[in-house]
Amino acid sequence: MQFILACVSYAVGLGNVWRFPYLCQMHGGGSFLIPYMIMLVVEGIPLFYMELAIGQRMRLGSIGAWSSISPYLGGLGIASVVTSTYLAVYYNVINAWAFWYLFHSFQSVLPWAECPVNSNRTAYVEECEKSSSTEYFWYRETLNITSSIDEPGSIHMGQALCLLLAWLIVYLCVVKGTQSTGKVVYFTATFPYLVLFIYLIRGVTLHGAINGVKYMFTPKLTELTNPMAWINAATQIFFSLGLGFGTLIAFASYNKPNNNFEKQAIIISIINSATSIFASLVTFSIYGFKATYSYEDCLERMKLLLLNTFELAEDSIKVDNLEYWMTHLNTTYPDQFASISSKLEVCDLEAELDTAVEGTGLAFIVYSEAIKNMEVSQLWSLLYFFMLLMLGIGSMLGNVAAVITPLMDSEFLSKRFKKETINSMVCLLCGLIGLSFTTGSGNYWFSIFNDYATTFSLLFIVLIEILSVCYIYGLKQFEADIEMMIGHRPNWYWKIIWAVVSPLLIIGLFIFYITSYIMGGTPTYQAWDHNLGETITKEYPVYAQAFIGILLVSSTCCVPVVALITFIKKRGQHSEHTVSTIAKA
């Protein structure tokens with residue numbers, strides 16, 4: 001049970017709450033569920049099964065496990081450690097943001113509920129008026145963001161302290177070694193479900209929530225012919241389950257030799273995907289509420305504009321006859337109507353629902369926008385951001401375990417340092433690097449890590465993993481190992497998926513990713529313009545592009561480099577042995 005909860009706590013993370021709903025919305029609601037479920041069956045569960053089997057059989061972290069299969073594969077474990085280190089460095093920043101919002105929830109009026117007044121106390125801050133109170137709190141109060149990546153800015157002390165707190169909690173959870181995290185996951189794995197259930201009850205009772213739920217389950221079947229829908233479904237399964245990081249291998253290495261990982265792989269994968277759909281139901285009910293609120297607010301503004309401009313009776317224009325009055329007044333008073341044309345807005349509920357927000361925008365802007373309009377908003381804010389913390393910390397424990405376990409397997413380190421010392425060194429190093437994300441330009445560097453540090457490398461790592469198991473270690477040997485552990489060999493389905501379907505699918509994803517990167521031109525990012533009160537698209541400067549290139553190759557190059565070094569060493573040893581034999585002769 002503890003192992004299942006650890007895997008659930010790691011696999012079920014922030015991506016279930018923000019990325020899956022975004023993809024579901026982008027690809028036509030219910031129609032996205034079809035490729036998603038297919039990819040779960042042919043990619044997610046089989047690869048999850050394979051990594052658990054490797055960890056339990058080898059009883060080592062990722063470096064030791066792959067080196068045991070073949071000395072030439074030691075770089076595969078190092079690549080997983082490097083990728084997990086990148087993830088650990090920036091992922092805990094999200095927990096720092098969650099702490100920031102959580103602490104600011106203990107106020108009589110939520111600070112993102114209204115714009116602050118300017119220094120003269122004569123009007124609201126201009127930047128906030130041009131954007132919104134929630135966007136202002138995110139970009140200015142939380143990030144204190146600069147206008148481009150070229151302007152580094154100073155460290156945000158509040159964020160730095162929140163990051164320090166986030167790393168302190170992670171350290172306390174793993175201080176006695178990765179096995180001690182098992183006690184923590186009883187809470188981190190179960191509490192988010194309680195909050196999601198409470199939010200579901202609250203969400204579906206909100207005004208307009210049904211509009212969001214209908215949007216989610218109304219399929220746009222044309223999306224099934226869109227290759228990007230299938231690619232995004234595959235990658236969401238791939239990254240949501242955490243394949244390739246080495247975490248699953250690390251967790252499984254602590255299992256009993258006869259543990260039934262086959263059953264656990266199926267259960268955990270299904271729980272993970274069911275959570276994504278469950279969280280989407282909650283999210284789309286919130287979407288519906290926010291979209292309906294914005295739509296009706298737009299109608300009210302247009303109603304007041306017409307009443308004030310044409311001096312009509314207050315009860316003459318209602319929301320349901322607004323369109324009629326706009327047509328009537330435009331026909332009757334064309335000159336006067338033309339004078340307010342710049343102030344007229346198009347109020348469209350479907351357009352509000354179509355506005356998709358990804359990642360941190362969904363978690364910290366859209367949700368906070370909805371929360372501020374709820375009754376007892378402080379309570380809902382506390383629940384939501386505490387839930388984000390539990391999801392984030394649960395995933396962080398897995399990320400850190402993927403780094404620490406292989407380091408503990410190293411004779412060089414384990415003989416010279418205690419467990420606690422290695423744990424401290426990992427947390428301290430990652431925390432110090434993470435401070436760079438608390439600067440004014442830190443969010444732009446966060447986006448670079450989020451977009452480029454893991455995607456390419458994980459595709460490469462998992463492809464080499466599955467090819468190594470099937471064609472270097474040998475599928476028959478792997479079957480025998482599984483039989484030794486769980487009492488029976490895997491059936492024909494698992495073998496076909498491992499040997500043929502998954503490699504071809506991952507190669508296809510790999511080629512698509514490389515092609516998209518090359519054909520996409522200069523990489524761009526969204527920069528905050530405080531004068532306009534909105535984000536604008538800018539190209540990354542040359543040094544940032546070079547850094548992206550380093551991120552892309554730094555982990556993947558470990559595989560061929562270690563294999564080459566091993567080959568040279570073996571060749572040198574063979575030459576020495578040959579010379580020694582000739583000398584004796």
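A helix, in the element names used here, is a DSSP run of H or I with at least four residues, and helices are numbered from the N terminus. The structure is a predicted model.

**Exercise 1.** Determine which element gives the largest share of the lining of the largest cavity.

*Solution.* 
Step 1. Identify the cavity: the structure holds 3 cavities of 30 Å³ or more, and about 60 Å³ of space lies in the largest cavity.
Step 2. List its lining: Val93, Ala96, Trp97, Thr142, Leu143, His156, Gln159, Leu163, Phe437, Thr438 and Thr439.
Step 3. Find the elements that give two or more residues to this lining: they are α6 (74-104) and α9 (157-174).
Step 4. Conclude: the largest share, 3 residues, comes from α6.

**Exercise 2.** Sort the lining of the largest cavity by residue class.

*Solution.* 

**Exercise 3.** Describe the lining of the second largest cavity by residue, element and class.

*Solution.* 
Step 1. Give the volume: the second largest cavity has about 50 Å³.
Step 2. Name the lining residues: Ala53, Ile54, Arg57, Met58, Ile69, Val469, Tyr473, Phe478 and Asp481.
Step 3. Assign the elements: α4 (30-58) and α24 (455-486) each give two or more residues to this lining.
Step 4. Sort by class: 7 residues are nonpolar, none is polar and 2 are charged. Arg and Asp belong to the charged class, and the lining includes Arg57 and Asp481.

Note on methods
Residues are numbered from 1 along each chain as its sequence is written. This is a predicted model: local features need pLDDT of at least 70, side-chain atom pairs count only at pLDDT 80 or more; totals for chains, interfaces and linings use all residues. Side-chain values use heavy atoms; hydrogens and water are left out. On a 1 Å grid over the protein atoms alone, a cavity is a set of points where a 1.4 Å probe fits but cannot get out, and a pocket is an open set with protein on both sides within 12 Å along at least five of seven lines; lining residues have an atom within 4 Å of a point. Grid points are joined across faces, edges and corners, and a volume is the space filled by probe spheres set on the points.
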